Structures are given as structure tokens and as C-alpha cells.
Amino acid sequence: LAIQIMWTYETQTALEQCKTNANAMYSNALKQKNVLEEMQKWCLQNLGTKVNRRKIETLVTVHVHQRDIADELYRLVKINKIQDE
């Protein structure tokens, strides 16, 4: 849950900063990519139980979807389809 709250906060903040910082969404995408890569490393470790593995796999799946949403938002911001008014 904390990872999803972090993603929401950081993505919202980046969207709000788009007017003053042209690289805000790009920087956010890099941060989220780093989080995803770290979680992917966890999948390669011995997590002890199948339940733990399923939890991490679910987190990775959710984060992949969040990454795709952030990428789409970034694309829309770049072509000025989204504007904070």
C-alpha cells in the first residue's frame, strides 16, 4: 500500500510541477522505473514462502500498470492534452 501511495503522491506532484519544470514527469518516470527494478530483484531472491512470492509478484504487476499510466500521462502532457488550470 505504501508503494502505491508513494506513486500517487509523486505522480501528482510531477503533474503539478509540469508548468514550471519541463522534466518533472520524466524525472518521476525514472524514479518509478528504479522502484520497479528493485522490486524485480526481490522476485529473484528466496522469499521464504509462496505467499511472500505472490505478494511481491502482485506488487510488481500493479507497479507495471502504474508505470504504463504514468507514461501515458507524460505523453499527454508533452502534447498539451493535459493542463493543470
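Reply: Helices, of at least four residues, and strands, of at least two, are runs assigned by DSSP and numbered from the N terminus. On that basis, this predicted model has three helices and zero strands in its chain, and along the sequence the pattern reads α-α-α.

The part to examine is the pairing of helix H1, residues 2-17, with helix H2, residues 24-43. Their axes come within 8 Å and cross at roughly 165°. Angles over 145 degrees count as roughly antiparallel, and H1 and H2 are therefore roughly antiparallel to each other. The crossing in which H1 passes H2 is left-handed.

The residues that meet can be named on either side. H1 contributes Ile3, Met6, Trp7, Glu10, Thr11, Ala14, Leu15 and Gln17. From H2 come Ala24, Met25, Asn28, Lys31, Gln32, Val35 and Met39. Sorted by class, this contact of H1 with H2 holds nine nonpolar, four polar and two charged residues.

The chain as a whole supplies the setting. Its C-alpha atoms fill a box of roughly 50 × 15 × 15 Å along the principal axes. Of the 85 residues in the chain, 20% are buried. The chain exposes about 6300 Å², and carbon and sulfur atoms supply 55% of that area. Finally, among contacts between residues at least 6 apart in sequence, 56% join residues at least 24 apart.

Notes. Residues are numbered from 1 along each chain as its sequence is written. This is a predicted model: local features need pLDDT of at least 70, side-chain atom pairs count only at pLDDT 80 or more; totals for chains, interfaces and linings use all residues. Side-chain values use heavy atoms; hydrogens and water are left out. Axes are lines fitted to C-alpha atoms, for helices over the stretch in contact, and angles run from 0 to 180 degrees between N-to-C directions. Angles under 35 degrees count as roughly parallel, over 145 as roughly antiparallel, 65 to 115 as roughly perpendicular and the rest as oblique. A crossing is left-handed if the near helix is turned anticlockwise from the far one by less than a right angle, and right-handed if clockwise. Contact means heavy atoms within 4.5 Å. Ala, Val, Leu, Ile, Met, Phe, Trp, Tyr, Cys and Pro count as nonpolar, Asp, Glu, Lys and Arg as charged, and the others, Gly among them, as polar. Buried means under 20% relative accessible area, exposed over 50%, partly exposed in between (1.4 Å probe, protein chains only). Accessible areas come from the Shrake-Rupley method with a 1.4 Å probe; for residues, only the protein chains shown count as cover.
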